[in-house]
Amino acid sequence: MARRRHGFLVANIHRQDLSELDEARALQRLLAIHGSQTALAKRLHRSQEWVSQRLALLGLTPELQARIGGEPIDLLRAVGSKPPEQQEPALAVLKQERARKETEKRERKRKTQTRDAPDTRTDRADGSPDGYYDVIEGGGADGLSSSAAQEAGDGPASAGEGAPNLPAQFAAADATAGGGEQQPKRFPYEDGVSAAQHLIHKMPLEEFDKMLDRLIKHRDSHAVSTS
C-alpha cells in the first residue's frame, strides 16, 4: 500500500495540469518518505534546488498563497523561505527590480534597432552616398540662425566673429571647368526631417543622444521665454 501511494505521488509530480501549490504539497509528502531534499531530488531526477524552490511555496503566508497564479511564480518561490512579515515587502522589491531590468532591456533593443537600421540611400557615381552632405555652410540665412549658433558654442559670439565650437565650415569649391563635377549638397538647415534623417544615419548613437538632449533643452527654454 505504501509503495502504491508513493508511486501515485511521484506520478502526480510529473502531471502537466497540477497546480503549483498541489505540486508543493505532493513534494512535502514525498519528503516525509525520503527523509531529505537531496534524496527526494535524486528519486525524481531533479536538482535539490528544484525541490527546494517548489517546497518554498508552502512557507508563504495565506495571503500570498491566494495570489499564486496572479504573481510571478518564481518570485513567490524566492520569498517563500523568508519570515512571514518580510515576504510582502521582499516581493515588491523583486517586482520593481524586474520591471527596471525589462525597461532597460527594451531601451537597449530600441537603440540597437536604431543603430542597425538599413541605409536605403543609393550611392553616387563617385562612391559617396546619395544625400551625404560634405559641406556644412556657415550661419546666417543658409546656415544656423544666429541664436542657435551662439548656443552651440561656449558663449556669445563677438561681433565679426563666428560662433565657437561649430562644425568646421568650408566654402563650396567651384566645379572644375568642363569637368561637370557634382557639388556636395548643402546641409538642409531649413528641412528638419531631412536633417534628422541624415544625422540618424551618420552620427554615432552616443553623440546623437547628446545632441537630442541639447535640442530638447533648447526647445524648452524657448517655450518658457515665450510663455
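1. The crossing of helices H2 and H4 is left-handed; a crossing is called left-handed if the near helix is turned anticlockwise from the far one by less than a right angle, and right-handed if clockwise. This is a predicted model, in which local features need pLDDT of at least 70 and side-chain atom pairs count only at pLDDT 80 or more, while totals for chains, interfaces and linings use all residues. Residues are numbered from 1 along each chain as its sequence is written, and side-chain values use heavy atoms, with hydrogens and water left out.

2. H2 covers residues 20-34 and H4 covers residues 48-55; their axes come within 8 Å and cross at roughly 120°. That angle makes H2 oblique to H4. Angles under 35 degrees count as roughly parallel, over 145 as roughly antiparallel, 65 to 115 as roughly perpendicular and the rest as oblique. Axes are lines fitted to C-alpha atoms, for helices over the stretch in contact, and angles run from 0 to 180 degrees between N-to-C directions.

3. On the H2 side, the contact with H4 is made by Glu 23, Ala 24, Leu 27, Gln 28 and Leu 31; on the H4 side, by Trp 50, Val 51, Arg 54 and Leu 55. Contact means heavy atoms within 4.5 Å. By class, the contact of H2 with H4 has 6 nonpolar, 1 polar and 2 charged residues. Ala, Val, Leu, Ile, Met, Phe, Trp, Tyr, Cys and Pro count as nonpolar, Asp, Glu, Lys and Arg as charged, and the others, Gly among them, as polar.

4. In H4, Trp 50, Val 51, Arg 54 and Leu 55 are buried (buried means under 20% relative accessible area, exposed over 50%, partly exposed in between, with a 1.4 Å probe and protein chains only). Seen down the axis of H4, these buried residues fall within an arc of 125°, so they line one face of the helix. The arc is that of the directions from the helix axis to the C-beta atoms.

5. Is Arg 54 buried or exposed? Arg 54 is buried, with a relative accessible area of 12%. Leaving aside neighbours within four places in sequence, Arg 54 is in contact with Glu 23, Ala 24, Leu 27 and Arg 77.

6. H2 also packs against H3, at an angle of about 110° and with the axes 9 Å apart. That makes H2 roughly perpendicular to H3. Here Leu 27, Leu 30, Leu 31 and His 34 in H2 meet Gln 37, Ala 39, Leu 40, Arg 43 and Leu 44 in H3. By class, this contact of H2 with H3 has 6 nonpolar, 2 polar and 1 charged residues.

7. H3 spans residues 37-44, and its Leu 40, Ala 41 and Leu 44 are buried. Seen down the axis of H3, the buried residues fall within an arc of 100°, so they line one face of the helix. Thr 38 and Lys 42, on the other side of H3, are exposed.

8. Where does His 45 lie? His 45 is in the loop between H3 and H4. Although His 45 is not a glycine, its phi is positive, at about 60°. His 45 is exposed, with a relative accessible area of 74%.

9. For the protein overall, the secondary structure comes to 10 helices and 0 strands. Helices (H or I, at least four residues) and strands (E, at least two) are DSSP runs, numbered from the N terminus. Buried residues make up 22% of the 227 residues in the protein.
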